[in-house]
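Open the model in your viewer and keep the selection panel at hand.

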Number of protein chains: 2
Amino acid sequence: MRCDVVAVGTELLLGQIVDTNSSWIGEQLATVGINSLLQIKVGDNKDRIVAAIRDRLQEADAVVVCGGLGPTHDDLTREAIATVMGVSLELDDDIAAVIEAMFASRKRRMPANNLKQAEVPVGAQVIAQTRGTAPGLICPVGTKVIYAVPGVPHEMRDMVERVIIPDLIARSGETAVIASRVLRTWGDSESGLNERLQPLINELDRSPNTTLAFLASGWEGIKVRLTAKAETKDAVDTLLNSWEQRVREVVGDIVFGVDGDNMESVVLAMLRKRGLTLALAESVTGGLVSGRLTQIAGASDVFRGAVVSYASDVKHDVLHVSPGPVVSEAAAAQMAQGAKDLLGADVGLALTGVAGPDQQDGQPVGTLCVAVVLPDGQVHTKTFVLPGQREQMRQMSVISSLDMLRGLLA
Amino acid sequence: MRCDVVAVGTELLLGQIVDTNSSWIGEQLATVGINSLLQIKVGDNKDRIVAAIRDRLQEADAVVVCGGLGPTHDDLTREAIATVMGVSLELDDDIAAVIEAMFASRKRRMPANNLKQAEVPVGAQVIAQTRGTAPGLICPVGTKVIYAVPGVPHEMRDMVERVIIPDLIARSGETAVIASRVLRTWGDSESGLNERLQPLINELDRSPNTTLAFLASGWEGIKVRLTAKAETKDAVDTLLNSWEQRVREVVGDIVFGVDGDNMESVVLAMLRKRGLTLALAESVTGGLVSGRLTQIAGASDVFRGAVVSYASDVKHDVLHVSPGPVVSEAAAAQMAQGAKDLLGADVGLALTGVAGPDQQDGQPVGTLCVAVVLPDGQVHTKTFVLPGQREQMRQMSVISSLDMLRGLLA
C-alpha cells in the first residue's frame, strides 16, 4: 500500500510557512506500514494541483491532499479534485448548515463565500469537521482514492487519525505492524559509524524484515534508525530488541540515548539518579548549555544555575580564576570549582574556548577547554578541537561538554 | 525562470526530520524573481530520485537537489544525477585532498568511504565546500541545469547564497536588478500590521515595481518585506528607500531592525553606542538571553556576563533577592541589581517567570516579570503574559525582554 501526499499552498513554496503536515502524515503512515514515497508541495494553481494529483495517483494507491479547502478565491483543492474525478461540485446542505451554525455560535457574521466550503465533488464522501469550518473529503477514483484535508495542522491531524488511517488500513488489507527505534550517538562521523557497522548492514541486507539507516543530525549527533516489520507488535519489538543489542555490541560506547532522549535529558537523568546537583560556568557558550538543560521540564531538581563569565575579569573576580590566560584547562578547572562553590552544587562543569572570529590567548578558533569537578573534588579536564564557524563551534561545544560529563557519570 | 526543488531523504518522508531546506530555498528564489512551482520530497532510492529529477527538468529550467551527498550507502544523489546526465562518476583529486586535509586537521581518522564524496559526474562543475565535507555540484543537462547541495542546512545555505543564486540570475538573462529589504517588527500581529498598512498596500498594488509581503516568523516577530525591480541598483535602492520611509511612517514604532539585524544585534549596538555594559540575571530563560547575545561576534565589549539563578536559593544567596516569592517584579528588580553589582556592569536586565508545565508562586504558566536597572539606578519593571508551551514561552521571553531594554535605551 502506498499513499503519497500533496501539500497545497503558494506560501509553502515561498517559504512563508514550512510544510510540517506532510512529514507528520508520513510518520503516521509509516507507523502502520503504509509507504509514502513521494511528497509534493504545489502552489495555489488549479492546473498544477490537478497534474500533481494525477501524477501521484498513477504511482500510489492513495493520495492525501492537504490545504486549499478554505473559503477564498485561492482555495482550489475541491475544484481540482472534481476535475481529476471528472465530476462537478454540488452544495451539501448538511455541511452548509454546520458552517452557518458555527458562525452563529461564535456570534460572527458569515461571509457568503464561506458556503464554498460546503461544495463537494459528486461521489465524494464527507469527513465531518469537528474543530474548524472546512470538512474533509474521501474521493474514490476507480480502485484508488484521494483524501482532502485542511492545511491547519490540528484540523488535518484530527481527520487523518480519526478517519484516513483507519480507511487506508481497511483498504490495504495489511495486517503487519511496522515500528522504528532510534539510537542516538555522539563521537563518530557518519562514515565512521557506517564502516564499523558494515558487517551488520550486510547481514541486514539479507533480512527482509529489518532495515538500518543513518540520520546525520548535525550538532545533535548521528542517529542510527532500525525499522522492523512483522505480524504482531510483539514480534516487531523482538526484532528491534535483538538488532539494537547487535548494534550496541559494535558501537555501544557512543550510544547516549534512545528515541526521544537527547544529550541534556540523559545527563540530567544520570545526575538525578545519583542525587547530584550541577552548576555551570560558561564562557565561550555564553549560556547555551544552561539554556539547553533548562529546556527539559523538571531540570530544577538537578540544575542549580550558572555563571556566564563572558568578560575575563568576571572569571577572575567572581569565579576566582588566577590571573593569566583564560582559554586553558587550568582556567576551566578553576571556573568549574568557582561555580560549584558559588552556586552550592555537587558537580561543577565549565567551558572556555574560542568561537571566533579571532583567536584568543594564542589559541585558535575552535579550541574548547572543558573541566568537570566531581563531588569528591576530583578534577577532569579536556581540550577539544572543534570545526565550524561561531554558531556551529558553540553548539558542538554544548554537546561535547555534556558528553564528557556523561562519560564521567557513567 | 523556474527552479524547482527535490529534497532527498527517507527520513523526510518518515517525518523524522522536517524539510525546512526547500522552504528556505523557495524564499531565496522568490526574492530574486525566480519561480519555484513544485517542490518534492523523495526517499533514498536511486530510481525514484532519477525520476523526480527528470520530471522536474521537463517543467523547470533548473532543479536544486538537496541532500544525499554524504558518504554512506544510502547517499545516492551523485549516482542519480550521473544517470540523468548519462555520464559516469570520476574521482576529483582536489576534493579528495580537501576531505583528507579536513580529517587531518581535526585529528580524526578518515574512513575510506568518505572519498565517495569526491566522486563527480563527468561534465559537472564543483561547488567548493567551505564548511562541511560534501562539495556541491553544478550539472548542465542541455540548456537546463541540476544543482546538488548537501542536506545540512548551514552547508546548503552557504552554497545557495554564494553560488547558485548568482548562477541562476546569470542564466536567466535577467538584466533588471531585483532586491529586497526586510523590516523586522515586534509587538503586533500579522492581521494588525496588515490593517494598519492596508492603504499603503492598495497603493503598492497599483505600482508594478514594488511589492510588500508579510513573513510571520514566530518568536522572531513579523517581517515586512519590500521587493523592488528596476533597471539599475541605484533605482532599486531609491524605490526601497522611499517605500521603507512610507512603511516606517505608519508602523515605525515596532520596527526594531532591517535585513540582517536581529533583536540582540540591535540591543548590543545601542549599548555600544552609549558606552554601556550589560549584566543579566536569568531564571525562567535559563541562559537563553545570554546565549543569544553572545551569538553575535563582538558581544564581549558590551556583555559582561550573567547569573543563571535557576534554584531559588541562588537568587537569594548570590543575587541578594529578599526572601519570598521569586516570580514577581520586585524579585526581578533585585535580580537585575544583584547581577549588575556582582558582574560590575552599567545596566542590569533580569527575567523571572513560569515556563510550565506547572504554576509557581501562584503565578500561571506564561507569566514573565522583567526588570531593567539603568546606570543612574532607575528601575523599570514589567509583567508579560505570554502564550505557548515551555519552549515557545521561553523564546518569547527572550525577545520580549530585549525589546523592553531596547525601548528604554532608545
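Select strand 9 (residues 177–185) of chain A together with strand 12 of chain A. In this predicted model, the two strands pair in the antiparallel sense over three bridges. Now pick out A:Leu183. Its bridge partner in strand 12 of chain A is A:Val258.

Next, show the whole sheet. Four strands of chain A form an open sheet, and the order is 10-11-9-12. The pairing is antiparallel. Color the edges: strand 10 (210–216) and strand 12 (255–258) of chain A each pair on one side only. Look along the sheet for its twist, which averages 25° from one strand to the next.

Strands of a sheet pair through backbone hydrogen bonds, either parallel or antiparallel. Keep backbone atoms on display for the next stop.

Move to the chain contact. Select strand 14 (residues 303–309) of chain A and strand 14 of chain B. These two strands pair in the antiparallel sense over five bridges. Which residue is the bridge partner of A:Val307 in strand 14 of chain B? Click on B:Val307; that is the partner.

Chain A gives 62 residues and chain B gives 64 residues. On the side of chain B that touches chain A, the elements giving two or more residues include helix 2 (21–31), helix 12 (329–343) and helix 13 (390–409) of chain B. Strand 14 of chain B supplies the largest share of that side, seven residues. Finish by coloring that side by class: 29 residues are nonpolar, 24 polar and 11 charged.

Methods
Residues are numbered from 1 along each chain as its sequence is written. Chains are lettered from A and ligands numbered from 1 in the order in which they are written. This is a predicted model: local features need pLDDT of at least 70, side-chain atom pairs count only at pLDDT 80 or more; totals for chains, interfaces and linings use all residues. Two residues are in contact if their C-beta atoms, placed from the backbone, lie within 7 Å. Ala, Val, Leu, Ile, Met, Phe, Trp, Tyr, Cys and Pro count as nonpolar, Asp, Glu, Lys and Arg as charged, and the others, Gly among them, as polar. Two strands pair if DSSP finds at least two bridges between them. Axes are lines fitted to C-alpha atoms, for helices over the stretch in contact, and angles run from 0 to 180 degrees between N-to-C directions.
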